[in-house]
Amino acid sequence: MSDARKPSPSGAAPYDALLLLSFGGPEAPEDVVPFLENVTRGRGIPKERLKEVGKHYFMFGGVSPINEQNRELLAALRKDFAEHGLDLPVYWGNRNWAPYLVDTLRELAADGHRRIAVLATSAYAGYSGCRQYRENLADALAVLAEEGRPALTVDKLRHFYNHPGFVEPMIDATVTALAELPEAVRPGARLAFTTHSIPDAMAETSGAPDDPARGTPGGAYVAQHLEVARLIAAAVAERTGVADRPWELVFQSRSGAPHIPWLEPDICDHLEAQHADGAPAVVMVPIGFVSDHMEVKYDLDTEAVAKAAELNLPVARAATVGADPRFTAAVRELVLERAATERGESVTRCALGALGPSHDVCAVACCPNPRAPRPAAAER
Ligand SMILES: CC1=C(CCC(=O)O)c2cc3nc(cc4[nH]c(cc5[nH]c(cc1n2)c(C)c5CCC(=O)O)c(CCC(=O)O)c4C)C(CCC(=O)O)=C3C
Ligand SMILES: [Fe+2]
């Protein structure tokens with residue numbers, strides 16, 4: 001156990017552990033309904049939509065790939081840390097399914113850890129991808145306090161959307177996906193960068209209060225995705241020698257009531273429009289997700305691929321980052337960077353593009369809860 005006041009030789013002080021915090025998903029048919037209830041409690045998702053989403057999970061035997069992918073990431077992080085002399089235990093907890101966040105925090109406390117760095121498996125700003133994770137941390141910490149357990153401090157690592165360890169594997173993946181297309185359509189193939197649709201209102205308020213994109217259509221959520229899309233498109237242009245390949249940011253997995261505006265266009269509508277516009281092929285690049293979980297396996301690989309087949313439009317899908325060694329190295333760098341910052345040392349904060357590295361600590365007014373304000377951890 002490390003002493004929080006004494007810089008550890010590994011450079012992780014003041015941190016005692018890293019918590020990998022993810023969404024969670026069902027692992028058996030009988031998990032599906034309770035999982036969906038956990039996710040949608042108090043969120044006004046239409047019953048019809050829930051039935052539909054349940055079907056997606058049942059199509060895959062009631063098993064979401066997300067937990068297995070997190071187990072792989074966990075193993076890869078432990079290996080990376082060990083290989084680089086970073087003596088920091090890595091734990092894993094989920095917001096919506098076992099291993100539940102609250103159980104992992106109990107375990108961290110029981111193991112004697114007190115100050116925890118948190119990596120959320122969500123790269124961008126926004127209520128769903130940031131504050132909601134921090135609200136769930138606050139809820140779980142409150143349970144521990146009620147149980148009279150030792151107090152933990154949790155520090156969420158900054159958004160990593162523009163970190164080279166996140167972007168570079170996606171550049172390779174896009175080039176690889178292009179190569180999967182028939183040669184004749186490759187040079188004219190267009191790129192569709194996809195991410196989770198969210199309500200327009202949630203997008204607009206996403207980001208820090210002083211973020212220049214905040215309050216503009218799409219807010220920081222869209223601005224950050226556009227930045228990643230631009231970075232990938234530019235690198236792919238260089239790698240393939242096709243300078244003017246059209247690309248667009250599009251959305252998927254919409255779940256709200258039809259009368260509430262969510263970010264558009266939807267990937268399937270986009271494929272139709274591209275087909276009508278004479279596009280010879282489309283590569284779908286799921287920049288909004290860190291692994292090939294259900295949103296990728298169903299909404300892209302099943303639904304969008306079926307739409308493309310109906311249109312006779314060749315498509316390929318780029319892999320997500322998953323446990324790529326460049327990503328695990330980025331996580332290590334983010335931990336070390338934040339640890340040094342917390343010790344008052346100056347650090348280099350790696351980021352590609354023009355937006356710069358994201359803030360370490362979210363403001364109380366960051367990415368507000370669209371329903372009602374609730375306590376959230378890791379903010380000031
Ligand atoms: C921005 C964003 C991310 C990316 C950031 C991140 O990764 O966190 C994300 C990830 C994920 N979303 C997931 C699953 C679901 N999301 C839902 C519903 C919603 N998502 C939203 C947003 C996001 N979601 C929103 C605004 C809603 C509406 C309800 C609400 O306001 O909360 C629903 C309800 C049913 C439905 O889809 O309608 C489910 C089942 C899974 C697990 C997949 C698996 O099992 O493999 C993952 C990784
Ligand atoms: Fe979601």
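His196 is a buried residue of this predicted model, because 23 other C-beta atoms lie within 10 Å of its own; here a residue is called buried if that count is 20 or more, exposed if it is 12 or fewer, and partly exposed in between, with C-beta atoms placed from the backbone. The model is a predicted one, in which local features need pLDDT of at least 70 and side-chain atom pairs count only at pLDDT 80 or more, while totals for chains, interfaces and linings use all residues. Residues are numbered from 1 along each chain as its sequence is written, and chains are lettered from A and ligands numbered from 1 in the order in which they are written.

His196 belongs to strand β5, where strands are DSSP runs of E with at least two residues and helices are runs of H or I with at least four, both numbered from the N terminus. Strand β5 spans residues 190-196, and six of its seven residues are buried, so the strand is largely enclosed by the rest of the structure. Two strands are said to pair if DSSP finds at least two bridges between them. By this criterion β5 pairs in the parallel sense with strand β6 (residues 247-252) over six bridges, and Ala192 has Glu248 as its bridge partner in β6. A parallel pairing also links β5 to strand β7 (residues 282-285), in this case over four bridges, with Val283 of β7 as the bridge partner of Leu191.

In an unreviewed UniProt entry, the annotation "binding site" covers His196 together with Glu295; such positions are given in the numbering used here, feature names are shortened, and annotations may be inferred rather than shown by experiment. Although these residues are spread over 100 residues of sequence, they cluster in space, with a largest C-alpha distance of 8.2 Å. Glu295 is found in helix α10 and is likewise buried, because 23 other C-beta atoms lie within 10 Å. Contact between two residues is taken to mean that their C-beta atoms, placed from the backbone, lie within 7 Å. When residues up to four places away in sequence are not counted, His196 touches Gln252, Ser253, Gly288 and Glu295, and Glu295, with its neighbours within four places left aside, is in contact with His196, Gln252, Ser253 and Phe289.

The "binding site" feature is also placed by UniProt, again in an unreviewed entry, at Ser64 and Tyr133. Ser64 is found in the loop between α2 and α3 (66-83), and this residue counts as buried because 24 other C-beta atoms lie within 10 Å. Apart from its neighbours within four places in sequence, Ser64 is in contact with Gly25, Pro26, Tyr57, His293 and Met294. Tyr133, by comparison, lies in helix α5 and counts as buried because it has 23 C-beta neighbours inside 10 Å. The residues that Tyr133 touches, not counting those up to four places away in sequence, are Leu21, Arg95, Ala120 and Ser122. Leu21 in turn has Gly93 as its bridge partner in β2, and five bridges join strand β1 (residues 17-22) to β2 in a parallel arrangement. Four of the five residues of β2 (residues 90-94) are buried, so this strand is largely enclosed by the rest of the structure.

Ligand 1 is surrounded by 24 residues, of which the closest are Gly25, Ser64, Ser255, His293 and Met294; a residue is counted as near the molecule if its C-beta atom, placed from the backbone, lies within 6 Å of it. The elements that give two or more residues to this shell are α1 (32-40), α2 (47-59), α5 (127-146) and α10 (294-311), and α1 provides the largest share, three residues. The shell divides into eight nonpolar, 13 polar and three charged residues, where Ala, Val, Leu, Ile, Met, Phe, Trp, Tyr, Cys and Pro count as nonpolar, Asp, Glu, Lys and Arg as charged, and the others, Gly among them, as polar.

The domain assignment of the protein chain gives domain 1 (17-160 + 323-342) and domain 2 (164-317), with bounds that come from an automatic or database domain assignment. The contact between them takes 25 residues from domain 1 and 21 residues from domain 2. On the side of domain 1 that touches domain 2, two or more residues come from each of α2, α3, α5 and α11 (325-342), and α11 gives the most, with four residues. The shell around ligand 1 draws at least three residues from each of the domains.
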